[in-house]
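How many salt bridges does the count come to?

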Amino acid sequence: MNRNTKVRGALAAVRRHPARAAAICVPLVAVSVFSGTTMASARPQATLPVPAGAVNAAPAQHVMLFDNNLSGTAADAKPKTPKVAWNVDGCDHDYGSPNQCVPWQIPGSTGAARCAWLESMGFGAVRVSGTNRQDLPEDAQGYACGPGE
């Protein structure tokens, strides 16, 4: 809606209800004409009693209190790490090197089928550093799915 449309709408409202328009406009015009003030030069008056010193005073600083109920100091606080399951990343960390992610669930029903799947995914012989929970065929050196197994 552009400005001309708004002005036309306001004038149409005045034409439809001239008494209401006069009730609003006449007191405003009378105050400004007879008092010698305009809306731009008018100064609002305080409605509550305010001491003279408080009118021009600078506002107080806003200080947020956030440690009212804390005991001790920040130096006493020790960071707490949340407890997370060790297999949350989907890797079985009992197999392979620290940078390798052997899946927690290796597809296959037998150890030989699981080894075949690992080989097809590019894993060679994987080191068993913990429990051999997937029952992969393991040699004496602690490697599973090595050549010939």
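## Salt bridge

The count comes to 1 salt bridge, a term that requires a side-chain nitrogen of Lys or Arg within 4 Å of a carboxyl oxygen of Asp or Glu. The partners are D92 and R133, whose closest N and O atoms are 3.1 Å apart. This pair links distant parts of the chain, 41 residues apart: D92 belongs to the loop between helix 3 and helix 4, and R133 to the loop between strand 1 (126-127) and strand 2 (143-144).

D92 counts as buried because its relative accessibility is 1%, and R133 counts as partly exposed because its value is 33%. Buried means under 20% relative accessible area, exposed over 50%, and partly exposed in between (1.4 Å probe, protein chains only).

## Basis of the model

This is a predicted model, in which local features need pLDDT of at least 70 and side-chain atom pairs count only at pLDDT 80 or more, while totals for chains, interfaces and linings use all residues. Residues are numbered from 1 along each chain as its sequence is written, and side-chain values use heavy atoms, with hydrogens and water left out.

D94 lies in the loop between helix 3 (52-55) and helix 4 (111-120). D94 is buried but has no salt bridge; R133, the nearest side chain of opposite charge, is 5.5 Å away. For charge, Lys and Arg count as positive and Asp and Glu as negative, with His and the chain ends not counted.

Leaving out residues up to four places away in sequence, D94 touches W86, R127, V128, S129, G130 and T131. Contact here means heavy atoms within 4.5 Å.

## Arginines and rings

The charged end of R133 also sits over the ring of W104, 3.6 Å from its centre. R127, a contact of D94, has its charged end over the ring of Y143, 5.3 Å from the ring centre. The rule for such a placement is NZ of Lys or CZ of Arg within 6 Å of the ring centre and within 35 degrees of the ring normal.

## Overall fold

The protein has 4 helices and 2 strands, running α-α-α-α-β-β from the N terminus. Helices (H or I, at least four residues) and strands (E, at least two) are DSSP runs, numbered from the N terminus.

Of the 149 residues in the protein, 15% are buried. Among contacts between residues at least 6 apart in sequence, 34% join residues at least 24 apart.
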